[in-house]
Amino acid sequence: VFKDFNNFFIKFKMTRCIHCTRCIRFFNEILDINLLGLINRGFSMKISYFTENLYQYKANAFGNVADICPVGALTLAN
């Protein structure tokens, strides 16, 4: 099940995303969580998450993803 990646920790603005996949690699390599992925191809490609329940994961590390985004597509929800 893929959905838009928005929750109360992080807001995702798909219009800014350049598909560098830094956020995907951060979750996979640093946190060891397979949470994000790319869906579709070409112009309709977008980053989405795989699971229904985001709250079962390390919630305190979600905010670090906003720091590694080079274009500001991931921002902290205030």
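Is C20 buried, exposed or partly exposed? C20 is partly exposed, with a relative accessible area of 29%; here buried means under 20% relative accessible area, exposed over 50%, and partly exposed in between (1.4 Å probe, protein chains only). Welcome to a predicted model, in which local features need pLDDT of at least 70 and side-chain atom pairs count only at pLDDT 80 or more, while totals for chains, interfaces and linings use all residues. Residues are numbered from 1 along each chain as its sequence is written, and side-chain values use heavy atoms, leaving out hydrogens and water.

**Overall layout and confidence**

- The protein has two helices and five strands, taken as DSSP runs numbered from the N terminus (helices H or I, at least four residues; strands E, at least two).
- Reading from the N terminus, the order of these elements is β-β-α-β-β-α-β.
- Of the 78 residues, 37% count as buried.
- Among contacts (heavy atoms within 4.5 Å) with a separation of 6 or more, 63% come from residues 24 or more positions apart.
- The mean pLDDT, the predictor's confidence in each residue from 0 to 100, is 77 for the protein, and 74% of the residues reach 70 or more.

**The nonpolar core**

- A nonpolar core is a set of buried Ala, Val, Leu, Ile, Met, Phe, Trp, Tyr and Cys residues joined through side-chain atoms within 4.5 Å.
- The largest one here holds 19 residues, and C23, F27, L36, I47, V65 and L74 touch the most other members.
- Strand 2 (10–12), helix 1 (22–30) and strand 4 (46–49) each supply at least two residues of this core, with the largest share, four residues, coming from helix 1.
- Leaving aside residues up to four places away in sequence, V65 touches I10, C23, F26, F27 and L74.
- As general background, nonpolar side chains tend to be buried together in soluble globular proteins.

**The aromatic pair**

- Rings of Phe, Tyr and Trp (its six-membered ring) pair if their centres lie within 6.5 Å; planes under 30 degrees apart count as stacked, over 60 as edge-to-face and the rest as tilted.
- One aromatic pair turns up in a search of the whole structure: F26 and F27 are edge-to-face, at 5.9 Å centre to centre and 75° between the planes.
- Both partners are buried, F26 with a relative accessible area of 11% and F27 with 0%.
- F27 lies in helix 1, and its C-alpha is 9.9 Å from that of G37, ten residues apart in sequence.

**The hairpin**

- Strand 3 (residues 36–39) pairs with strand 4 in the antiparallel sense over four bridges, where pairing calls for at least two DSSP bridges between the strands.
- G37 has S48 of strand 4 as its bridge partner.
- Six residues lie between strand 3 and strand 4 in this hairpin, and N40 in the turn has a positive phi of about 65°.

**The cysteines**

- What is the count of disulfides? The count is zero, with a disulfide taken as a pair of cysteine sulfur atoms within 2.5 Å.
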